[in-house]
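Me: Here is a structure that I would like to talk through. Please tell me what the terms rest on.

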There are 2 protein chains.
Amino acid sequence: MAETKYDVLGIGNAIFDVLVQTDEGFLARHGMTKGGMALIDEARAAAIYDDMGPATEMSGGSAANTIVGLAGFGARTAFIGKVKDDQIGRLYSHDIKAANVSFATAPANGGPATGCSYILVTPDGERTMNTWLGAAQDLTPDDIDAAEVAASSIVYLEGYLWDPKNAKEAFLKASHIAHEAGRQVALTLSDAFCVDRYRGEFLDLMRSRTVDLIFANEAELQSLYQTSDFDTALAALRQDVALGVVTRSEKGCVVATRDNVIAVPAFPVGKLVDTTGAGDLFAAGFLFGLVRGAGYENAGKLGALAAAEVIQHIGARPQASLKQLAKQHGLPV
Amino acid sequence: MAETKYDVLGIGNAIFDVLVQTDEGFLARHGMTKGGMALIDEARAAAIYDDMGPATEMSGGSAANTIVGLAGFGARTAFIGKVKDDQIGRLYSHDIKAANVSFATAPANGGPATGCSYILVTPDGERTMNTWLGAAQDLTPDDIDAAEVAASSIVYLEGYLWDPKNAKEAFLKASHIAHEAGRQVALTLSDAFCVDRYRGEFLDLMRSRTVDLIFANEAELQSLYQTSDFDTALAALRQDVALGVVTRSEKGCVVATRDNVIAVPAFPVGKLVDTTGAGDLFAAGFLFGLVRGAGYENAGKLGALAAAEVIQHIGARPQASLKQLAKQHGLPV
């Protein structure tokens, strides 16, 4: 197999996060489903934003957060995602490149502005996301650089890519190129409502071996198999994919293959501030362990460590050096 | 005297903050003076930003931070400052209005983009600011709404207004209107280097009674009177202005009039994260105490409380309710 240039290349919606700490009443007033990611149009974005308190802004996007986390551990990374060439798009591009991620996707010159997610963080630390996709709508198969994909050990894709109309084709193109080059393809199921929108297609991706590794949380897994019984859903997952990693919040995670299931505990958290990015950063740590050949248990611990870091502050990008944190806790880096 | 509509109206440079935690080496590499505010041009802004790590963005600007803090205590407030009608300007306008501040300054339709400050926060919590004024350059006397100024108990101005070329005239117009209406005018000296640029003019403002209240930190006060001796500088200040409030970091503050000097201790701080906004929020608390008639000692304590809140997280805008905090600590609100 050819040498790799990247450990992980991620493809996802490039989304700028507008975060605010608020009360439960805000969610009720705007009819939001707590903990979910809702797609919104411009009119609803304006209505929500007009009613939001003063915000903090930060680059985000699920797969992008994961890739930035991987870079923070010291992995070689790249990201493909679409911003517009506007002020927010330039902030976004700066941030991902400044995190040592290769980012060469051409920004859109016309069309909608760079996408934004209006994220409400309630006092219990839960986040409720309202995403206007903006320029992320315009990611197409032409944005997939075949050589870059073929030179990456793992291609990491987010389920949210099923929402913009052409990104699905980009996703399938990338998966095909990766497999042709003998690489692995990982998918996060993203969100229980996203799974509900695309259940059949996600199951097809797994059963057709378009993806080799699935990340999911409990709600997403249960939505995928339409069961409230975790063990039933996990058994089904083990039939459908070579490697499944399921996060269970404070209960830690399980790493499931056809032959085995390993449980890894969560990492202790001082104060839960904002769960935004918890799953994304878990995936970062796990994938880092995987590409370093650290074994599933260590991979799970690295995931738990990164998730614990990101939920103790506002925003989905790490504030501490994940590499240093892993060293401090005796984990392989 | 006519009824007031606002407790405090602030006039300042409307600046969007781009904050990053970095090491001392970054400051050295770019020849920055730690703890200062340097004015930069677009080329230098690009050079600094290109080298900066992933950032967090938040609305800022010295007087604006103070006004938002005042609103957080429950004061009636307004702000005058110039943004451009661009993406960042719209984020800025949202944030200040969402903080319950009246903000009616027309945004610029042409000219430079909304101003930004590139703020480097070192591990000791100190912040070093590099400000590109952008649209703040275009604040003119026409932006001063005479009726609004005349209807405010206190007009609060930042020394930084001496940097953009027309803002000085806006400042003097506002002071004149305020005094005609029997109101008070407060000025923060902003920064020791700013004082060095405009020492003679600032002293004239004080001695001509164009301002009635001065906020300064030790470095600014010592720069103003060109002495390293605090007591000498304080004695001079007491001759030049009716009320002087000098902050001394962990040593608290002194409130000085011609007749008296009161020392108020600092508020205990768990973990110093980022000093950005410390002086601005001190001024917020102090002015709140003043307009509520709480006495200088309580005003000093309210200032210390607000400063302590803002330095325990990234960014110059409060994250907690200052009103609640004051209540919890038995201070008048």
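Reply: What follows takes the symmetry, the interface, the sheets and the helix packing in turn.

Me: What should I know before we start?

Reply: This is a predicted model: local features need pLDDT of at least 70, side-chain atom pairs count only at pLDDT 80 or more, and totals for chains, interfaces and linings use all residues. Residues are numbered from 1 along each chain as its sequence is written, with chains lettered from A and ligands numbered from 1 in the order in which they are written.

Me: Why are the two copies said to be related as by a two-fold rotation axis?

Reply: A rotation of 180° superposes chain B on chain A, with 0.0 Å of shift along the axis and an RMSD of 0.0 Å. The copies are thus related as by a two-fold rotation axis. In chain B, the C-alpha of Glu57(B) is nearest the axis, at 2.4 Å.

Me: How do you know that the copies meet through the same surface?

Reply: Of the interface residues of chain B, 95% are also interface residues in chain A, so the copies meet through the same surface. Contact here asks for C-beta atoms, placed from the backbone, within 7 Å. By that rule, 22 residues of chain B are in contact with 21 residues of chain A.

Me: What makes S6 and S14 of chain A edge strands?

Reply: Start with the strand order. In chain A, 9 strands form an open sheet, S6-S5-S1-S9-S10-S11-S12-S13-S14, with mixed pairing. Strand S6 (101-103) and strand S14 (261-264) of chain A each pair on one side only, and these are the edge strands. From one strand to the next, the twist averages 20°.

Me: How do you know that S10 and S11 of chain A pair?

Reply: Pairing asks for at least two bridges found by DSSP between the strands. S10 (residues 184-188) and S11 (residues 213-217) of chain A have 3 bridges, in the parallel sense. Leu187(A) stands opposite Ile214(A) in S11(A). H3(A) packs on this sheet, touching S1, S5, S6, S9 and S10 of chain A, and its direction makes about 160° with that of S1(A).

Me: Why is H3(A) called oblique to H10(A)?

Reply: The axes of H3 (residues 62-73) and H10 (residues 278-291) of chain A come within 8 Å and cross at roughly 45°. Axes are lines fitted to C-alpha atoms, for helices over the stretch in contact, and angles between N-to-C directions run from 0 to 180 degrees. Under 35 degrees is roughly parallel, over 145 roughly antiparallel, 65 to 115 roughly perpendicular, and the rest oblique. That makes H3(A) oblique to H10(A). The contact includes Leu70(A) and Phe73(A) of H3(A) and Leu287(A) and Phe288(A) of H10(A). By class, this contact has 7 nonpolar, 5 polar and 1 charged residues.

Me: Is the crossing of H3(A) and H10(A) left-handed or right-handed?

Reply: The crossing is right-handed.

Me: What makes H8(B) roughly perpendicular to H9(B)?

Reply: H8 (residues 218-225) and H9 (residues 230-240) of chain B pack at about 75°, with axes 9 Å apart. That angle makes H8(B) roughly perpendicular to H9(B). Among the residues in contact are Leu221(B) and Tyr225(B) of H8(B) and Phe230(B) and Leu237(B) of H9(B). The contact divides into 6 nonpolar, 2 polar and 1 charged.

Key: Least-squares fit on C-alpha atoms with pLDDT ≥ 70 in both. Contact = placed C-beta atoms within 7 Å. Helix = DSSP H or I, 4+ residues; strand = E, 2+ residues; numbered from the N terminus. Left-handed = near helix turned anticlockwise from the far one by under 90°. Nonpolar A, V, L, I, M, F, W, Y, C, P; charged D, E, K, R; others polar.
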